[in-house]
Amino acid sequence: MSAFPARLAARPTAVLGRATAASLTPAASRTPAAHHRGATAAPGRRAPGTTAAALLIAAAASGISGPSLALPTAARALHVPTASAAWLMTAYGLGLLVGTPLLAGTSGRRGPAALVRAGAALVALGATIVLASPSALLPLVAGRAVEAAGAAGLTVAVFRIAGRDRSGRSTGLVAIGNAAGGTLGLFVGAGAAQLLGWRAALVMPLLALAVLPAVLRPAGRAQQAGAAGQAGQAGRTRSGTPDGRFRDALPLGLLRRPDFRRPALLMLALATVNFALVYGAPRRVASLTGWGPLPTGAAVASVALAGALLSWLLVRLAPALGTARVRVLLAAGSAAAAAAAAFAPWPPVVLLGSALSSLVTAGGQGVLTGSAVGGLAPERQGGAIGLFNLAFPAGVAAGPVLAGFADQTVQFLY
């Protein structure tokens with residue numbers, strides 16, 4: 001649900017194996033966590049607290065898609081067009097985009113336990129703004145952005161905890177939790193809106209607070225175990241190696257490299273289409289079937305999750321197909337998904353488009369990350385992965401805006 005910062009990134013080859021579990025989630029969830037010296041779990045065992053961490057990140061990720069089916073009701077209550085109410089989803093992407101690199105510094109200086117507390121505090125503050133504000137769009141948008149910044153911090157912290165397991169099992173479980181939360185948020189958000197009112201769908205990340213105590217304990221152990229390794233790394237940075245410079249800043253100069261820029265732009269396009277469909281496909285299905293929010297959310301969430309989990313096939317086939325062919329397949333798949341969801345008059349085809357977009361977005365995250373950073377020196381790869389993965393929350397922000405524009409001009413969402 002947020003871009004994964006440079007200091008948490010590991011080898012790009014590891015990305016290919018673990019990125020496939022997530023689709024409707026910000027990129028942070030699909031970039032591998034760094035391995036702190038002295039902070040690893042025993043071989044063959046998951047890092048302590050991984051199950052609780054997976055539940056925490058699932059709750060945080062639910063905020064991405066949770067409001068989707070409640071937007072028409074929110075728009076009527078706020079006396080604004082539905083396209084304007086889509087800013088309640090766009091604000092979440094903007095919060096992820098800004099919050100991830102800012103809060104990643106807290107994780108590096110104070111450890112994951114401090115970041116969990118900071119993220120939870122921001123989630124609670126954002127939810128309070130949403131629940132207490134008058135029926136006006138601007139304060140609700142602000143509250144959603146604050147919530148998202150907190151969710152970004154929780155995401156970074158969770159992957160720091162899972163990163164103690166060098167086998168990748170813990171990171172994989174957390175990534176699955178992220179994917180499940182992002183997709184099932186459609187259904188859970190619709191249910192919350194029906195039972196408690198439309199504002200409840202805007203504060204789904206509050207569910208993360210229920211598992212906070214179970215995550216703080218292992219986060220504190222990770223912080224203590226990693227202190228010595230961080231001190232040693234600081235000493236090596238002071239000795240004149242370039243590692244600190246690349247860890248502490250996103251290397252924007254990489255945007256001048258075509259080998260980096262092209263896959264990054266393709267990833268941005270895939271994510272934008274995917275989150276346009278998170279906003280638009282449920283309404284398209286509802287208009288074609290007459291279903292209510294709950295069955296619509298269940299259907300769309302199920303096919304999107306299935307597409308995300310099937311994306312591992314694409315990643316496994318990618319080396320045999322070659323980079324050029326894979327990029328063509330990703331672009332063509334995303335375009336086909338958008339066309340199917342927007343224009344097909346049959347609900348199953350619209351659902352198929354949603355699943356296809358989920359598949360190519362999740363698979364593309366793994367394949368394109370490796371191709372974007374593979375030619376860089378090892379000390380530059382972490383920062384490059386952090387910069388590359390900012391494309392995902394940018395898509396979270398841009399997708400609903402694109403779908404809202406189409407809603408006003410082409411009228412294909414209803």
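**Ground rules.** I am working with a predicted model, where local features need pLDDT of at least 70, side-chain atom pairs count only at pLDDT 80 or more, and totals for chains, interfaces and linings use all residues. Residues are numbered from 1 along each chain as its sequence is written, and side-chain values use heavy atoms, with hydrogens and water left out.

**Entry 1: helices 13 and 14.** I looked up helix 13 (residues 323-343) and helix 14 (residues 347-373). Helices here are DSSP runs (H or I, at least four residues), numbered from the N terminus. The two pack at an angle of about 155°, and their axes are 8 Å apart. Axes are lines fitted to C-alpha atoms over the stretch in contact, and angles run from 0 to 180 degrees between N-to-C directions. Helix 13 and helix 14 are therefore roughly antiparallel (over 145 degrees). Their crossing is left-handed, a term for a near helix turned anticlockwise from the far one by less than a right angle; clockwise is right-handed. Residues in contact (heavy atoms within 4.5 Å) include Leu330 and Gly333 in helix 13, and Gly353 and Leu356 in helix 14. By class, I noted 12 nonpolar, 7 polar and 1 charged residues in this contact. Ala, Val, Leu, Ile, Met, Phe, Trp, Tyr, Cys and Pro count as nonpolar, Asp, Glu, Lys and Arg as charged, and the others, Gly among them, as polar.

**Entry 2: helices 12 and 14.** How do helix 12 and helix 14 cross, left-handed or right-handed? The crossing is right-handed. The axes of helix 12 (residues 293-321) and helix 14 come within 7 Å and cross at roughly 40°. That makes helix 12 oblique to helix 14 (oblique covers what is left after under 35 for roughly parallel, over 145 for roughly antiparallel and 65 to 115 for roughly perpendicular). The contact has 14 nonpolar, 5 polar and no charged residues.

Entry 3: I then checked the second largest pocket, with a volume of about 260 Å³. A pocket is an open set of points on a 1 Å grid where a 1.4 Å probe fits, with protein on both sides within 12 Å along at least five of seven lines; lining residues have an atom within 4 Å of a point. The volume is the space filled by probe spheres set on the points. Among its 16 lining residues, Leu69, Ala70, Pro72, Thr73 and Pro293 are closest to the centre. Helix 11 gives the most to this lining, with 4 residues.
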